[in-house]
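Please keep the sequence and the coordinates at hand while reading.

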Amino acid sequence: MPSLPPLNALRAFEAAGRHLNFRLAADEIGVTQGAVAQQVRGLEARLGVQLFDRLPRGLRLTEAGRRYHAPLRRAFRLIEEATEELGGRQSLTISVTPSFAAKWLVPRLGDFTAKHPEVGVQVDAGERLANFQSDGIDIAVRQTRPPFGPGLVAEPLFGTEYVPVCSPDLAAEITQPGDLVRHVLLNDTHGLWPLYLERIGVSGKPRLMNFSQTSLAIDAAVAGQGVALANAPLVSSELASGRLVQPLRQSLVEDLGFYIVAPRQPRQPELVALMRDWLKRQA
């Protein structure tokens, strides 16, 4: 039997493959970003294949990386479930995107664990759509639009209103829509800046800085690097704290909404109902 790669390297790759970001993977595991990057490089050298494309802002799984990550994720879930079952503790896995996890779910999750200390929560943060049969996922939150699969039940969590946000210092320079084209516009994978500018009657070629995840665009806005067009619920805490402000009142409403999605016949119906009800109360 061939020797297996080190467990720490596999764990680093699995987390980085879900987050598509070494820093977020490091935060989850509890090590430095450099340690995660080093573990992944060592794994690639051992396997003789490149698992990630290193992009200017984030990561992208190669074809080999995608093939390796899916079964590895299932293997880690089996280990987690076996450990939890041995300890007699109930556990639930929720699948969300990295941006939704960082900007909405994780800041609120302490409320759930305080109210339900008997339930362990595993947050599976990744861009890939959850497979409820093979990935061990119990419930998911995704930004999408109907219809959904026949074996799924979906309930709206909140709608999608996009608002321009930036640092307070930058907001002082934006008093009318036309001011936007004089600043860097922080774009995420939804790419809605051109549509927003058209809707509010702004012409001209904008300066765009593109990010692979919404949370990175929001963080760049907090750092004063430009103006992000963000889903309002995802920046509610930054707006409340004053780290971000909305310089213009015009918003963009799209038909993409956030939905709570679960199998019609979940393997843990009581826990799924518990999480679903909590999510709706938080919204």
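Ser-167 is buried, because its relative accessibility of 9% falls under the 20% cut-off for that class. The model is a predicted one, and this value, like the others below, is computed from it. In the chain, Ser-167 sits in the loop that runs between β6 (152-165) and α6 (168-171). Which residues is Ser-167 in contact with, leaving aside its neighbours within four places in sequence? They are Ala-221, Val-222 and Gly-224, together with Arg-243, Leu-244 and Val-245.

The next step is the division into domains. Domain 1 covers 7-79, domain 2 is made of 89-159 + 257-282, and domain 3 covers 161-253. Domain 2 and domain 3 make a contact to which domain 2 gives 12 residues and domain 3 gives 14 residues. Taken over C-alpha atoms, the centres of domain 2 and domain 3 are 28 Å apart.

Sorted by class, the lining of the largest cavity has four nonpolar residues, two polar residues and one charged residue.

Towards the start of the chain there is an annotated span. UniProt, in an unreviewed entry, places the feature "domain: HTH lysR-type" at residues 5-62. In the model, residues 5-62 are 62% helix and 14% strand.

A second residue can be read in the manner of the first example. Ile-29 belongs to helix α2, which comprises residues 22-29. Is Ile-29 buried or exposed? Ile-29 counts as buried because its relative accessible area is 18%, and the class takes in values under 20%. Leaving aside neighbours within four places in sequence, Ile-29 is in contact with Arg-11, Ala-12, Ala-15 and Val-36.

Definitions and conventions
Residues are numbered from 1 along each chain as its sequence is written. This is a predicted model: local features need pLDDT of at least 70, side-chain atom pairs count only at pLDDT 80 or more; totals for chains, interfaces and linings use all residues. Side-chain values use heavy atoms; hydrogens and water are left out. Ala, Val, Leu, Ile, Met, Phe, Trp, Tyr, Cys and Pro count as nonpolar, Asp, Glu, Lys and Arg as charged, and the others, Gly among them, as polar. UniProt positions are given in the numbering used here, feature names are shortened, and annotations may be inferred rather than shown by experiment. Helices (H or I, at least four residues) and strands (E, at least two) are DSSP runs, numbered from the N terminus. Buried means under 20% relative accessible area, exposed over 50%, partly exposed in between (1.4 Å probe, protein chains only). Contact means heavy atoms within 4.5 Å. Domain bounds come from an automatic or database domain assignment.
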